[in-house]
Amino acid sequence: MKYYLNNCYSQMQACSGGQASLECPEHLYLDITNDCNLYCQMCRDKVEMTEKTMPYDLFCKLLDETAPFVKIYSLFNSGEPLLVKDFCQRVDDIKARSDARIEISTNGMLLTDDMISFLRSRKVGVCVSFDGARKKTFEAIRRGASFERVCDNLRKLSEAYADVAIQDTPSIYVTLQRDNAAELLEIAKLAHSLGIHKMGFGFVNLPSEYAPDMDAALREVIEKTASYLNDQNMLNSLYPARVGDYLWQGSKYIHMDNFILDSRCTAPLVSAMVRYNGDVYLCCNAGEYVDNVKDKSFLQVWQSKTFNDLRSQVNSIDDMPQRCRQCWWVNR
């Protein structure tokens, strides 16, 4: 028996490098808008275009404070970043202050030729949410999207990034859920046909009615998909390490009784998320609310007693925040 150390969070950290300074996180998620042009079934009930966008002056203030330290800026979380009218200016604002990597996650509907050209010229890492191998499944989940348009945009995106290293190529991310789990291998094959070389996937666990069944069928389709990605030399960039009581062991799932499960989380030590309105949360999975930075320094919040107290609670059996208890990123 041995400690089981692998989880989805550790997979992400493997690409981030070490923490540059205790003064500031290495990875900062700036949730620049809550608006979205889709209403995906597991996310929201209607299209929301309410101008809930991070004020430009707040965005610049955060950059001025953190640019000397941050290694990765992720300009997304709850909304569609390409809806932000001055999105390109904000990317250039980061570039003017830092050589940090910039990443976005998008639903793919707004990837025009000009936008793809801009993203490639600025070396922005692009991940496209892609939740079905068939039009019916895809559009039932990604309500308001066009399956054909997103496929076409993925093809154009892959062509634009054809000359970069595989870890920097555009990727897709599949939110595995009740309605698409059986299509995971088909999605991988479709992505490959579109020129995509990088793919990740994880679970919907809230709302619970959309969560997939953590059963043998799910383990089997993940194993087959992982094998296919390996055979095609595609990068399996993120995958669920735990399915129910089974843990991922290289190429297959093994029951957790064979391991001592390590589910400790260090995300609040190296990352944070700031929402469009200035609210600060422990990590990209929202975690727990910490404070608001509209009228104070982000670095003050990062180094505050409140943040430190919450950091200690994240791995406390008795005091762990509820959202942390339900986090599949660290096999909880």
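**Cysteines, a helix and the spaces inside**

Modeller: Happy to! With the cut-off of 2.5 Å between cysteine sulfur atoms, the count of disulfides comes to 0. Please keep in mind that this is a predicted model.

Let us take two cysteines in turn. For C40, the closest cysteine sulfur is the one in C36, and the two sulfurs are 6.0 Å apart, which is too far for a bond. C40 is buried, with a relative accessible area of 6%. For C88, the closest cysteine sulfur belongs to C60, and that one is 15 Å away, so again too far for a bond. C88 is partly exposed, with a relative accessible area of 28%.

Now for the helix. Helix α3 covers residues 87-97, and its buried residues are F87, R90, V91, D93 and I94. Looking down the axis of α3, you would find these buried residues within an arc of 155°, so they line one face of the helix. Here is the general idea behind that: an α-helix has 3.6 residues a turn, so residues three or four places apart point the same way.

Next, the empty spaces. Rolling a probe the size of a water molecule over the atoms shows where empty space is left. In this structure there is 1 cavity of 30 Å³ or more, and the largest cavity has a volume of about 230 Å³. Its lining is made of 21 residues, and Y9, C265, A267, C283 and N285 lie nearest the centre. At least two lining residues each come from α1 (8-13), β2 (27-30), α9 (267-270) and α12 (322-325). The largest share, 3 residues, is supplied by α1. By class, the lining of the largest cavity has 14 nonpolar, 5 polar and 2 charged residues.

Finally, there is an open space to visit. The second largest pocket holds about 210 Å³. This pocket is lined by 14 residues, and F203, N205, M214, W328 and R332 are the closest to its centre. The lining of the second largest pocket divides into 8 nonpolar, 4 polar and 2 charged residues.

How values were computed. Residues are numbered from 1 along each chain as its sequence is written. This is a predicted model: local features need pLDDT of at least 70, side-chain atom pairs count only at pLDDT 80 or more; totals for chains, interfaces and linings use all residues. Side-chain values use heavy atoms; hydrogens and water are left out. Buried means under 20% relative accessible area, exposed over 50%, partly exposed in between (1.4 Å probe, protein chains only). Helices (H or I, at least four residues) and strands (E, at least two) are DSSP runs, numbered from the N terminus. The arc is that of the directions from the helix axis to the C-beta atoms. On a 1 Å grid over the protein atoms alone, a cavity is a set of points where a 1.4 Å probe fits but cannot get out, and a pocket is an open set with protein on both sides within 12 Å along at least five of seven lines; lining residues have an atom within 4 Å of a point. Grid points are joined across faces, edges and corners, and a volume is the space filled by probe spheres set on the points. Ala, Val, Leu, Ile, Met, Phe, Trp, Tyr, Cys and Pro count as nonpolar, Asp, Glu, Lys and Arg as charged, and the others, Gly among them, as polar.
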